Amino acid sequence: MKRILSALTLGAGLGAAVLTGTVAPAAAEGLKVGFLATLSGPPAVLGQHMRDGFLLGVKQANGRLGGIETEVIVVDDELKPDGAITKVQGLLERDKVDIMAGVVFSNVMMAVYKPIIQSETIFIGANAGPSPIAGRGCSPYFFSTSYQNDQNHEVMGRYASQKGYGKVVVMAPNYQAGKDAVAGFKRHYSGTVVQEIYTKLGQLDFSAELARIADEQPDALFTFMPGGMGVNLVKQYSQAGLKDLIPFLSTFTVDETTLPATKDMAVGLYSGAEWASDIDNEANARFVRAFEAEYGYPPSLYAAQGYDAARLIDGAVSMAGGVQDKKSLLSALAAAPFESVRGDFRFNNNQFPIQDFYLVEAVKRAEGKYVTQLVEKVFDDVGDAYAGSCRMK
């Protein structure tokens, strides 16, 4: 007997759950998606947003992506790369999923990418975009509905240069995405990085690092601290009295996943992003309305990326006429046959998006909810720096 759960009952603490679109007998051809996300511990909110966005896309297709009865198996990777490999093997070998999707953190992505690709299973990344898989490690079986890791950080490098910040301290966790963050920022920053500070992934006390920043007295701080790390950093930065002294520039630190906890302490802080709730197109307006009605909280870029992943699968399966002809399905995916919440969206040769990027600001809406909104477009229709190294095999 199938376990049938609605999108609303898939709690963040679940290790694995199943969403099916109907209780009717399965059609001759079904679609089974394995969705891997971090759904426990301080970063769980990131995986929750990404999962909820994906499940909203499935629900809007009446549980039938591409017109085929769809089963989504949601698995918590617990931010443990070794454990994630074991769980992926179960999805591939026991559950025999047709498509893998999701993945929040780059250390998990780097662990599971190879076994998924080597199995020739189609993989739709909905967040993590580490540089090795965008360049020489690219694969015809991998598509991203998010970004390559460096790109949102490049926004802040360009912005810091435009503001004339001559010396900057950069701070990020010591793992692949943190290194990509610093590389991205520096690629478009024309000033001097006076200190590079790398913290432990999951670190929550930044008192020592804030003392170093205060002593350095830079023109600005640039930081990448997702999830609970970002919440604590923003609070401690404000409490230390640094918010009004040293401009706080960030990525994946001040957004709809952290603002419910940081609230007014984050209002006015800038970030780089490829999506915001006020991007002016009808697909985005429909998504934001539907998401808030379904889940009761404002979506973040993680939710938008998850939603686009479901919409991409829906459009491609419909175009290919099913999932049995993998060559046709890969060609359909590459055509990006869906209306993205970001507006302009197409795949580069490495199957990462070519898209716009923005400076966004944390604000408090009239009804009291905290969100990010557009300030200005910084990059128009750009691909990532690693696409030129991609040679599809």
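Q: What separates the centres of domain 1 and domain 2?
A: In this predicted model, the centres of domain 1 and domain 2, taken over C-alpha atoms, are 29 Å apart. Domain 1 covers 2-147 + 280-355, and domain 2 covers 151-273.

Q: How do you know that domain 1 and domain 2 are in contact?
A: Contact requires heavy atoms within 4.5 Å. By that criterion, 17 residues of domain 1 meet 15 residues of domain 2.

Q: What is the area buried between domain 1 and domain 2, and which atoms give 68% of that area?
A: The buried area is about 1,300 Å². Carbon and sulfur atoms give 68% of that area. The count of salt bridges between the two domains is zero, while two residue pairs are in polar contact, both at pLDDT 80 or more.

Q: Which elements give two or more residues to the side of domain 1 that touches domain 2?
A: They are helix 1 (44-60), helix 3 (106-118), helix 4 (131-134) and helix 11 (301-320). Helix 1 has the largest share, three residues.

Q: What makes up the side of domain 1 that touches domain 2, by class?
A: That side has 11 nonpolar residues, six polar residues and no charged residues.

Q: Why is Ser-131 called buried?
A: The relative accessible area of Ser-131 is 13%. Buried means under 20%, so Ser-131 is buried. Ser-131 is found in helix 4.

Q: Why is the pair Ser-131 and Asp-180 called a polar contact?
A: The side chains of Ser-131 and Asp-180 are joined at 3.0 Å. The cut-off for a pair of N or O atoms is within 3.5 Å, and one atom must be able to donate a hydrogen and the other to accept it. The pair therefore counts as a polar contact.

Q: Which residues is Ser-131 in contact with, leaving aside its neighbours within four places in sequence?
A: Ser-131 is in contact with Gln-148, Gln-176, Asp-180 and Tyr-386.

Q: Why is Gly-383 called partly exposed?
A: Gly-383 has 33% relative accessibility. Buried means under 20% and exposed over 50%, with partly exposed in between, so Gly-383 counts as partly exposed. Gly-383 lies in the segment after strand 14 (370-382).

Q: What does Gly-383 touch, not counting residues up to four places away in sequence?
A: Gly-383 touches Gln-151, Asn-348, Pro-353 and Ile-354. The C-alpha atoms of Gly-383 and Phe-352 are separated by 7.6 Å, with the two residues 31 residues apart along the chain.

Note on methods. Residues are numbered from 1 along each chain as its sequence is written. This is a predicted model: local features need pLDDT of at least 70, side-chain atom pairs count only at pLDDT 80 or more; totals for chains, interfaces and linings use all residues. Side-chain values use heavy atoms; hydrogens and water are left out. Domain bounds come from an automatic or database domain assignment. Buried area is the accessible area (1.4 Å probe) that two parts lose on being put together, summed over both. A salt bridge is a side-chain nitrogen of Lys or Arg within 4 Å of a carboxyl oxygen of Asp or Glu. Helices (H or I, at least four residues) and strands (E, at least two) are DSSP runs, numbered from the N terminus. Ala, Val, Leu, Ile, Met, Phe, Trp, Tyr, Cys and Pro count as nonpolar, Asp, Glu, Lys and Arg as charged, and the others, Gly among them, as polar. Buried means under 20% relative accessible area, exposed over 50%, partly exposed in between (1.4 Å probe, protein chains only).
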